[in-house]
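Good morning, and thank you for coming.

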Amino acid sequence: MFRIGRSPKLIPRSCSQSNIGMNYRPEVDGLRAVAVVPVILFHAKVAGFSGGFVGVDVFFVISGYLISGIILADLEAGRFSILRFYERRARRILPALFLTLFVCTIAAWLWFLPRDLADFSQSVVATTLFLSNILFLQEAGYFDVESELKPLLHTWSLAIEEQYYILFPPIMALVWHRVRGLLPAAIVLMLLASFLASVWLTRTAPQSAYFLLTTRGWELLMGVVAMLILRRETPHAPVGRLHDTLAVVGLGLVLWSVAAFDHRTQFPGPFALVPTLGTVLILLCARPGTWMQRLLSRPLLVLIGLVSYSAYLFHQPMLAFLRYMTPAEPALAVRLGLALAVFPLAWLSWKYVEMPFRAGQGVSRSAVFTGATAGILGFVALGAVGHHRDGYVRFDLSPEAIATLRSLERSGLAECRDLADCLSPPLRPEDVLLIGDSNAFHFSAPLAEALADQGRQLVSLTRGGCFPSDRTIRVNRSAEFNAECRAYYAQLFDYLRGDLQKPRTVLLSAAWAAYYYGSDYFAQNTAQQTPFANARVTLLDSPAQPESERRAEMTREILSLLGLLSEHFEHVCVVGPLPFLTNNFRGGIPAVLAGIQGVSRDDFLNETDELLASFAAGTLPSRVRVLYPHEQICSSGVCDVQLEGRYLYSDIVHVSDFGARTVFADIFDQNPDCLGSGGR
C-alpha cells in the first residue's frame, strides 16, 4: 500500500523542494521521522522516551531551515511575494489541521462533559487562530496530569511556527532589500536575543519560556543559520570523514536528549541547545555520500517523515480521547497499538488530504484563501458557541440527563494570590477565615453567601495544590511551585502570629489523604479504579526518609499547624479527609449518566485509619474541632456519589456546588460554632 522503494518515489514532483528553489534532501524527511516518533512515544508514556518532547525542537530547526531557504531563493530570483508565501502555508498547514479539528469536535461533542467541552471549544478557537500556545500557557503546565486529556494541547507548537511566519518573512524581505549584506548579522542578533530570553525565563517563568515565541524563536532561527552556512559553500564541495563524524554526533545529541531529558529538565533554556545543535549538525553534515545521509534516506524513515505532519496532528487527540474514555491509564500494549495506528491514518491524510492541496491541481489562490477564511470562521464560530454555552450543546439529551450533568459544576471563592490584597480591608472579629487548598474553597460558596446575609464575610486565604506548610515539598509539583507555596504560607503564618486584628473563627481543609498517602491511597484496593496521582508531601530537609517516618512527620506537621491556629483563634474547625471517588469521571457523558460508584465506608476507614488517628480528639490542641465528611457521605455504609440523581462531586477529590449546598451545608448547620456566632 505504501510503495516503499529504494528511491523517494513517494514524493510527487510538484511538491519537491527543487520546484520552489531548494534541492530535495530525503535525509531531511528521515530527520522528521527521528523527530515525530519520540514525540508520539513520549505522549504514549513509553519508557526510554521521557525526553521525547524534544522532537518538537527538531521540527522547529527543520522548519526554519526549509522555509528560510525557500524565502531566500525567491528573494534572489526577484519573485518573493507575501501572498504567494501565505498561500503555500495555507496549502501546507490548513487541510490536515481542519480535518483534525473536525474529527476532534465530533468526538468531543459525543463524549466530553459540558465543562470539558467548554474548555475544548475554547481551544478550537485558539488553535484555529494559531494562539493555542497563549491559551495553554494560561490554563496549566505542559506536564500537568490534566494536560493528557486535552486533544489539542500539541497545537501550541503549530501556533509558535505560524506566529513566527507572520513576522519573519517581512523582516527578512525588508533586510534583504535595505541592507542585504547585514542579513546574517540580523539573523544572529535575533537568535541571541531570543536565546537569552529563553535562558532567563526558563529560570524565572518556565511555563512562559516553554510556550512563547519570544523564547522559542531562536530554535527556528538556528535552522536559518544552517541554511545560510550551506548556501555559502561551493556546490559539490568534497565530503570527508569529518562530515560523517559530526553528523553522527548530531544524531547522538538528539537521541541522548530523547532518552535523558524528562519533566525535571529545565527546558527550553540552555538544555534546548542539545537537540537543536544536534539537528543543525545533521543538516550541515549529512551530505550525499555520508553514512548518515544514507541512513536517514532509508525509505521507511523517509515515508514516516513525509506523513509526520498528519501523524503529529493525530497522535495527541487519539491518546487524549483514549485516556478520557478509560477509567484507568490504558495498558502499555494499548498505548503502543494506538501509537502505531497513527501512521497508516497519517498516510491516508497525507495522500488524500495534504497532497491534493499542496500540489495545487485545480485549486486557485483565490479558492485557497476563500476556503481558508471559511474554515477559520467556521471553526471559530463553533468554538465560540460551545464556550458561550458552557459546553451545553447536546440537543439529544433529556432534561434529566442535563440536570445530572449540571450537578457536576463547581463553585467556590477564588484562591488567594496576593495575601496583602486578600487581607484588605482589615478583617473583623465576626468574619471567618478559610485556610487550605482547593479542598477548602470547593465548599465555600454557600458558606460565604450565608455569612454575607448576616453582614459578615468568609475570607479565603486558600492556595490550590499547596499543603498548608512553609517547609514541605509536594513530589509531583515543580520546584518553582513548591517554593511559591512555602513562601505563601510563611507570609500567612507571619500574619497569624502578628498583631493585626483577626477573626475569631478559622476553617482549615486540605486534601489530607492525597498528601499523606500519595499514590498509595487505595492503590491495592480493587474498589478504587483510579488511584489518586502522587501528591505525596515530604519535609524540605528530609525528602528521602522512609515512608513510616515521612508519615509521622506529616502528622506532626498537621498537629503543629493546628496548634498555631488554636493559639490565635477562639474557634478552630478542621475538615477531615474527604472520601475519594472510584473514577475521576473518565468515560465522559456515557459513564456519568450510567452512574459512578463510591467506595464502601469500611474500605474508606481501613485505608485512612492511620491518617484519621492524626485527628483523634486526644491528640488535638485545645479549641480544635474536627468535622468528618465521611460521617455524612458514608452513613448508609457506602460513600454516596449522588443524591437524588445529582452528583455530590465535581471530580475525584472535590465536591460539586450541589455537594457543597447539601452535604457541607448540613455539616456546618450541625456545627454552628465553626461559622462563628449565628451559624448559617
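This is a predicted model: local features need pLDDT of at least 70, side-chain atom pairs count only at pLDDT 80 or more; totals for chains, interfaces and linings use all residues.

Let us begin with Ser157, which touches Val56, Phe60 and Tyr312 once residues up to four places away in sequence are set aside. Ser157 sits in helix H6, residues 155-178. Is Ser157 buried or exposed? Its relative accessible area is 6%, and because the cut-off for buried is under 20%, Ser157 counts as buried.

Asn133 belongs to helix H5, which covers residues 132-139. Its relative accessibility is 0%, so Asn133 is buried. Which residues does Asn133 contact, leaving aside its neighbours within four places in sequence? They are Trp156, Ala159, Ile160, Gln163, Phe211, Leu212 and Leu213.

I turn now to the annotated segments. In an unreviewed entry, UniProt gives the annotation "transmembrane region" to residues 53-73, 93-112, 182-202, 208-230, 267-286, 295-312, 332-350 and 362-385. Two of these spans can be set beside the model. Residues 182-202 are 95% helix and 0% strand, with end C-alpha atoms 30 Å apart. For residues 332-350, the figures are 100% helix and 0% strand, and the end C-alpha atoms lie 27 Å apart.

Next, a helix pair. Two packed helices are described by the angle between their axes and by the distance between those axes. For helix H3 (residues 82-111) and helix H16 (residues 365-388), the angle is about 35° and the axes are 10 Å apart. The crossing of H3 and H16 is left-handed. On the H3 side, the contact includes Leu83, Arg84, Glu87, Leu94, Phe98 and Phe102; on the H16 side, Arg365, Phe369, Gly371, Gly375 and Phe379 are among the residues involved. By class, the residues of this contact comprise twelve nonpolar, three polar and four charged.

Finally, consider helix H20, residues 444-453. Why is H20 described as largely enclosed by the rest of the structure? The reason is that seven of its ten residues are buried. Those buried residues are Ser444, Ala445, Pro446, Leu447, Ala448, Ala450 and Leu451. After H20 comes Gly455, with a positive phi near 80°.

That concludes the presentation, and I would welcome discussion.

Technical notes: Residues are numbered from 1 along each chain as its sequence is written. Side-chain values use heavy atoms; hydrogens and water are left out. UniProt positions are given in the numbering used here, feature names are shortened, and annotations may be inferred rather than shown by experiment. Helices (H or I, at least four residues) and strands (E, at least two) are DSSP runs, numbered from the N terminus. Buried means under 20% relative accessible area, exposed over 50%, partly exposed in between (1.4 Å probe, protein chains only). Contact means heavy atoms within 4.5 Å. Axes are lines fitted to C-alpha atoms, for helices over the stretch in contact, and angles run from 0 to 180 degrees between N-to-C directions. A crossing is left-handed if the near helix is turned anticlockwise from the far one by less than a right angle, and right-handed if clockwise. Ala, Val, Leu, Ile, Met, Phe, Trp, Tyr, Cys and Pro count as nonpolar, Asp, Glu, Lys and Arg as charged, and the others, Gly among them, as polar.
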